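Visitor: I've got the structure up on my screen and would like a quick tour. Could you take me through it?

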Amino acid sequence: MTSPLPDGRASASADATSRASGLVEFARETFAVADAELRKLLRDPTEVFTRAVQPILWLLVFGQVFTRVHAIPTGAMTYLDFMTPGVLAQSVLFTAIFYGIAVIWERDLGIVHKMLVSPAHRSALVLGKAVSAGVRAVAQAAILYAVALALGVRLRLAPPAVAGVLAAILLGSAIFSTMSLIVACVVKTRERFMGIGQVLTMPLFFASNAIYPIDVMPDWLKVVAHVNPLTYLVDVLRALMVEGGHSAFGLGLDVGVQAGTLALLVAAASRLYPTIVR
Amino acid sequence: MEAGARTAVATSGLTRRFDGHVAVDGLDLEVERGAFFGLIGSNGAGKTTLLKMLTTLLPPTSGSARVAGFDVVREPREVRRRIGYVPQLISADGGLTGRENLQLFARLYGVERSDREPRIGRALDFMGLADVGDTLVRTYSGGMIRRLEIAQALLHRPAMVLLDEPTVGLDPVARSSVWDRLKELRARFGTTVLLTTHEMEEVDSLCDRIAILHRGRLVATGSPAELKASLGERGTMNDVFVRYTGGRIDERGAYRDVAAARRTSERLR
């Protein structure tokens, strides 16, 4: 990077230009992949609705019952208020984690091959998919907000709070869809992927603060919950989404942990993605 | 850098092993710029593996390959910028329109924004898809999908296109429409074309140079005319193929290759 030559400045600035144009390229490639995915989603949005059924059931059935029995200590919040951010996080997780199936499908055709022969950054190909998974989750969040409002959950609807929730959903989706992509690259077949997908989702969900606070967990589970990225997503959502909700770890830590996790996952996925066609 | 610019492809001792099985075995291959080059071999002869190495999808186990003047392992991005690839499997997205498929690849190849629409329009024209550009690819016929895939591979004006069994599973009419486009491509733009095939008719009507692969090794190279002449006056491409490979067409066909080929032809129907 640093040049020992007197004209080092010239080459450093050339370096900076090529870095800048590299970023523009990266953004354009990421957008291209996300755009193609979103067009497909808009053309056939049924998936968004069918996938919204499960979180609605959690709110309607589990949420309402547990609100009555007061089995879980949630402080000043009602249980339904407490769990709504958790259910949203769950819906983000479940949507994103099966996203690798689509990648295996594209690989069984030749779509992935062709993308990998293009000069596009491998990380942009990965991130583009992750972004589109995020937008899917946002569409589901809209449905969930409507149901939660109908059930009397005290949602915060001020624009900054909603914007924060959107950002959190995008970040969380990106994490779990990239995780899913990594699994897809390793297992390579749909059958094996489905098995692993099932095995992953439940522990991620139950070993988090989504539907009960970490305080009530046994010690070993507390440890797991603290390294589970879903916990930090729920923590952000709980602080931003409902009246009276607050973050246990602080938003800075939440976002930092998630951004770091995403960076690591994208780096790993960018290396693994090319191996899916070998 | 462009020292090897005269040659589109030059490999030296190129080898790829898959746990114990040698798919491509010490290949020394040269393809001249502007050639219409056919790689011939039965299923499992190593054609697809070779193409994957040349397109930077698969790293060689040993040996080296330069494509469009660049090393496939050390300078993969330079290689990628200069080639277009049409895989054996379907590579157009059925959930998008023809135009959207082209837009995606124009962006991935870094075609400037102002250039994108005109190029996409010309590509659709050239491939005879102008009136179905805004229709979902899912509704296309097999020949139309193939032509779209070729259009996708040409948007960045590559010096060379590599096609893996481009006409497998196509009916005769669709097949000749693909052939015509490839011929015209070379005639008008001087693009080097490298394709794999196991159809001798394709070789006869398209290729000016061929290489026969058998069990991962190069067993013959030359022009179709030369190779036929070497067998006497009435030699056919089929005779040539039998002569160099022992004629067992389906020998050692990898299950995966066969399954993939069938799936493709199924979906193209």
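**A helix pair in chain A**

Guide: Let's start with a contact: Val48(A), Arg51(A), Ala52(A), Pro55(A), Ile56(A) and Leu59(A) in α2(A) meet Arg136(A), Ala139(A), Gln140(A), Ile143(A), Leu144(A), Val147(A) and Ala148(A) in α6(A). Bear in mind that this is a predicted model.

Visitor: By class, how many nonpolar, polar and charged residues does the contact of α2(A) with α6(A) have?

Guide: On the α2(A) side you'll find Val48(A), Pro55(A) and Leu59(A), among others, and on the α6(A) side Ile143(A) and Val147(A) are included. Split by class, the contact comes to 10 nonpolar, 1 polar and 2 charged residues.

Visitor: At roughly what angle do the axes of α2(A) and α6(A) cross?

Guide: α2 covers residues 46-69 of chain A and α6 covers residues 122-150. α2(A) goes past α6(A) in a right-handed crossing. Their axes come within 9 Å, and they cross at roughly 40°. That makes the pair oblique.

Visitor: Are α3(A) and α8(A) roughly parallel or antiparallel to each other?

Guide: Helix α3 (residues 79-97) and helix α8 (residues 190-206) of chain A have axes that come within 10 Å, with a crossing at roughly 165°. Angles over 145 degrees count as roughly antiparallel. α3(A) and α8(A) are therefore roughly antiparallel.

Visitor: Which residues of α3(A) and α8(A) make the contact?

Guide: The crossing of α3(A) past α8(A) is right-handed. By class, their contact holds 6 nonpolar, 3 polar and no charged residues. α3(A) supplies Gln90(A), Leu93(A), Phe94(A) and Ile97(A), while α8(A) brings Gly197(A), Leu200(A), Thr201(A), Leu204(A) and Phe205(A).

**Chain A as a whole**

Visitor: How many helices and strands are there in chain A?

Guide: Read from the N terminus, the elements go α-α-α-α-α-α-α-α-α-α-α. So the count, given that run, is 11 helices and 0 strands.

Visitor: What is the radius of gyration of chain A?

Guide: The C-alpha trace of chain A spans about 70 × 45 × 40 Å along its principal axes. For 278 residues the globule rule gives 19 Å, and chain A comes close to that, so it is as compact as a globular protein of that length. The radius of gyration itself is 21 Å.

Visitor: What share of the residues in chain A is buried?

Guide: Of the contacts in chain A with a separation of 6 or more, 80% are between residues 24 or more positions apart. As for burial, with 278 residues in the chain, the buried share is 43%.

**Where the chains meet**

Visitor: Which element gives the most to the side of chain A that touches chain B?

Guide: Across the interface, 21 residues of chain A are in contact with 23 residues of chain B. On the chain A side, the elements giving two or more residues are α1 (8-43) and α5 (111-117). The side divides into 10 nonpolar, 3 polar and 8 charged residues. The top contributor, with 8 residues, is α1(A).

**Over to chain B**

Visitor: How many residues of helix α1 of chain B are buried?

Guide: Chain B has 10 helices and 11 strands, and buried residues make up 51% of its 269 residues. In α1(B), the buried residues include Lys47(B), Leu50(B), Met53(B) and Leu54(B). This helix, residues 47-54, is largely enclosed by the rest of the structure, because its buried count is 8 of the 8.

Key
Residues numbered from 1 in each chain as written. Chains lettered and ligands numbered in written order. Predicted model: local features only at pLDDT ≥ 70, side-chain atom pairs only at ≥ 80, totals over all residues. Buried ≥ 20, exposed ≤ 12 C-beta atoms within 10 Å, placed from the backbone. Helix = DSSP H or I, 4+ residues; strand = E, 2+ residues; numbered from the N terminus. Contact = placed C-beta atoms within 7 Å. Nonpolar A, V, L, I, M, F, W, Y, C, P; charged D, E, K, R; others polar. Axes fitted to C-alpha atoms, helices over the stretch in contact; angles between N-to-C directions. Parallel < 35°, antiparallel > 145°, perpendicular 65-115°, else oblique. Left-handed = near helix turned anticlockwise from the far one by under 90°. Rg over C-alpha atoms; globule rule 2.2 N^0.38 Å.
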